[in-house]
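Please open the model in a viewer and follow the selections below in order.

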Amino acid sequence: MPRALWLLLWLRFTGWFRRIGLNLRTVKGLLLAVLGGGMLFLWLGSLVVSAFLPTAQGPAVDPSAVRQYGPLILLAYCVLTSAFSAGERAVSFSPGEVNFLFPGPFSRRQLLLYKIAGTFFMSLLTTLFLTFVLLRYASSLLTAAVSVLLAMLFLQLFAMAAALVASYAGAQAYNRRRRVGLVLLLGVLIFGLFQASRGLGDLDFGTIAGELSESTVVYVVLSPLRWFVESFTAEQVWPGFVVNALLSLMVNLGLVAIVLGLDAQYLEAASAASEKTYERLQRLRRGGAAAAWSAGTGKVRFSLPDLPRLGGVGPVAWRQMVSATRGLKGLFVFLLILGLTMVWPMFFTGRNAAEAGDMPHIYAAMLLGLSVFTLPMMLTFDFRGDVDRMDVLKSLPLPAWRLSVGQLLTPALMIALVQLGILGVLQAVWGGMSMYLIAAAAFALPVNFLLVAIENLMFLLFPTRMVAATPADFQLMGRYMLLFMAKFCFLGLAAGMTTLAGAVVYVLTDSHVVAGAVCWPIVLAVGAALVPLIASAFKRFDVARDTPP
Amino acid sequence: MSIRVEDYHKNYGPTVAVEGVSFVVRPGEILGLIGPNGAGKTTTLRALAGILQPTRGRLCIADHDLATSPVVAKSALAYIPDDPRLFDQLTTWEHFRFIASAYRLPAGWQADAEALLTQFELTEKRDALTSELSRGMRQKVAICCGYLHQPSAVLLDEPLTGLDPRGIRTMKNSVAQRAAAGVAVIISSHLLSLVEDLCTHILVLHHGRQVLHTSLAELRQQVAAEGRHETLEQLFFRLTETPQDVLPVETGGA
């Protein structure tokens with residue numbers, strides 16, 4: 001690899017440290033970084049302590065279980081990487097790399113070596129974290145660190161090799177083959193699940209995984225992956241760890257040889273993929289996870305009718321609703337994943353309310369809790385998604401409080417609809433959810449308005465992008481920490497006041513409906529009380545100073 | 001020959017982006033690449049920069065074929081895209097350090113880099129992170145990076161975007177200076193006044209096809225001979241609205 005590419009790696013590495021240092025120059029930045037760094041330190045510390053404490057009695061987890069499931073997990077990752085590589089048949093390059101390296105005096109192989117070297121250094125950082133996370137499953141720190149590094153490299157190199165093989169095979173054929181392959185794979189999966197679901201009462205996951213691992217085809221496919229897991233769980237350095245680690249290294253070198261040997265014409269695909277990824281990242285930074293998956297291009301198929309003006313609240317909310325409905329793809333993907341996690345355990349549970357027992361209630365509580373914490377962060381169709389349009393918002397001829405209400409309505413409404421949808425599905429599957437549905441219909445909007453209001457207040461006070469600008473962005477971690485604390489405080493306050501008032505009224509009247517009717521305006525009042533604070537924070541937001549980098 | 005394109009075709013699946021474009025830019029010549037949006041200008045420049053693979057045809061930089069000797073060909077080339085993306089974590093000077101190393105510049109390149117910083121008024125931004133620079137400043141950094149290794153062929157895609165009036169003047173002067181020193185330059189731009197001021201030749205693309213390639217001097221002579229008193233802007237609209245009118249002036253750019 002040319003010296004220039006080593007220099008570039010070094011400059012980027014030092015630039016990363018410099019960026020972290022620059023973020024610490026303001027009091028706010030320092031405070032957030034200390035909070036985020038402290039949280040990370042405590043988390044890592046707890047992992048280290050929990051990993052080292054049981055080592056006197058041997059590994060905390062049965063190594064045979066790790067040996068059984070580990071290769072399957074690696075295989076699943078490889079299959080998913082190949083099948084769902086987001087249509088990007090390319091090795092990943094940043095826009096800067098495309099601009100400077102592709103027209104630069106470098107061969108394609110040199111650029112691949114540069115990517116492999118960069119991958120190795122990034123893997124070192126990931127290994128540092130993952131080693132502590134996975135230490136309790138390994139026999140020692142040495143086997144964990146080396147094996148995790150080798151496995152991380154394997155996953156990266158496999159993805160790179162798969163992308164280059166795809167480029168080599170040719171875009172058209174590959175896409176068609178991949179689609180056909182995917183359809184076949186899905187068909188086999190559904191058939192397998194259907195077959196398996198007949199006798200699930202007799203078989204546990206371990207038995208299924210065990211039988212799968214012992215079939216000849218799977219055994220052969222899993223053999224190279226097994227070496228990574230064997231070195232991870234090896235109890236003796238020699239021969240167990242050394243031999244398996246060397247075999248794993250050989251697998252990685254084999255992948256490097258494939259990558260360099262193919263020397264496919266990847267530059268064009270990589271350039272297009274880089275552009276696509278860059279645009280998605282920009283959308284993510286501007287508008288959160290849902291916006292990242294929203295259609296950035298394409299034909300507009302529908303629009304929403306105008307809302308009543310309501311002193312300016314209507315048009316502001318309408319604009320966000322239009323953006324949100326055009327970004328429904330992201331929400332759909334999230335709900336699909338959520339739905340699949342819901343459907344799978346249902347096979348193990350009774351199909352009616354009597355057989356299911358408390359399960360529906362546990363599910364309802366779990367899913368609603370999940371929606372309360374994840375959806376407000378995903379659906380950023382409010383001030384957070386307008387981080388690069390604050391100047392436009394400030395120029396609107398509207399009082400700040402009306403603008404704030406208009407901005408908060410869309411995500412609150414969408415989250416409420418999702419929650420009602422979840423309860424509707426549970427009602428359709430198990431029944432017995434009617435009380436939850438009535439309560440959710442009444443309380444979902446004010447509660448979600450409160451949640452979204454807290455998120456927006458924190459954003460306006462501590463403006464940060466939705467994703468980290470650099471790896472290990474302690475400020476972002478600090479902001480999330482602060483956000484969770486504030487959310488708990490406000491929610492605790494609202495829940496405490498509401499519960500107290502509801503309990504008193506219920507004791508006096510013995511009526512759920514009257515107690516609910518008293519609680520409802522209290523929740524709404526807490527949410528409404530935040531609007532002047534948000535309006536004030538919006539007025540104080542200085543576009544030149546506060547817009548995050 | 002500094003830049004030679006022979007029968008260049010580029011397809012994206014069934015879509016034809018560029019169809020049978022051929023031209024030569026000799027040392028000292030400045031070719032203005034003009035055409036409506038989607039005409040294939042950026043596709044042509046990106047192929048010449050080695051980023052896009054031609055579907056058919058031969059592209060050469062400094063007599064080196066991009067398909068067979070890409071590294072040597074690219075060593076002689078500078079490509080400045082319309083929206084230059086830099087390395088966010090690097091400073092302006094660190095970009096220069098990388099370029100100096102990548103193109104194996106001899107010792108003393110720092111003096112040239114300092115001169116470019118002065119010429120493009122970037123001296124104060126020498127140690128600034130490029131992510132903190134304005135759009136115009138980033139454009140200037142990209143231009144300086146392109147010029148630093150003294151290429152024999154320069155490809156500029158919309159080079160004036162984001163530049164202030166002084167930056168525009170500096171940019172124009174720098175292109176003229178390099179052409180005078182024997183560099184072959186291609187400028188893709190929608191600014192016809194820029195093309196008229198600066199270019200020696202023009203190439204008009206429309207729907208991926210080459211509808212006119214000639215020297216500006218010849219074009220002026222021909223227009224005058226036909227008694228048409230046409231500006232470049234009027235000619236551009238005539239060509240791109242009724243391209244069949246072009247046939248009498250398609251000279252091959254000699």
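In this predicted model, begin by selecting the strands of chain B that form an open sheet of 6 strands, in the order E6-E7-E8-E3-E9-E10. The pairing in this sheet is mixed. Strands of a sheet pair through backbone hydrogen bonds, and the pairing may be parallel or antiparallel.

Next, select residues 77-80 and 209-215 of chain B, which are strands E6 and E10. Each stands at an edge of the sheet with a single partner strand, so one side of each has no neighbour in the sheet. Looking along the sheet, one finds a twist that averages 15 degrees from one strand to the next.

Which residue in E10(B) is the bridge partner of Val204(B)? The partner is Leu212(B).

Helix H8 (residues 216-225) of chain B lies across E9 and E10 of chain B, at about 90 degrees to E10(B).

Finally, select the contact between chains A and B, to which chain A brings 23 residues and chain B 26 residues. On the chain A side, helices H1 (3-23), H4 (95-101) and H11 (267-292) each give two or more residues. H1(A) gives the most, with 9 residues. The residues on this side of chain A comprise 12 nonpolar, 7 polar and 4 charged.

How values were computed
Residues numbered from 1 in each chain as written. Chains lettered and ligands numbered in written order. Predicted model: local features only at pLDDT ≥ 70, side-chain atom pairs only at ≥ 80, totals over all residues. Pairing = 2+ DSSP bridges. Helix = DSSP H or I, 4+ residues; strand = E, 2+ residues; numbered from the N terminus. Axes fitted to C-alpha atoms, helices over the stretch in contact; angles between N-to-C directions. Contact = placed C-beta atoms within 7 Å. Nonpolar A, V, L, I, M, F, W, Y, C, P; charged D, E, K, R; others polar.
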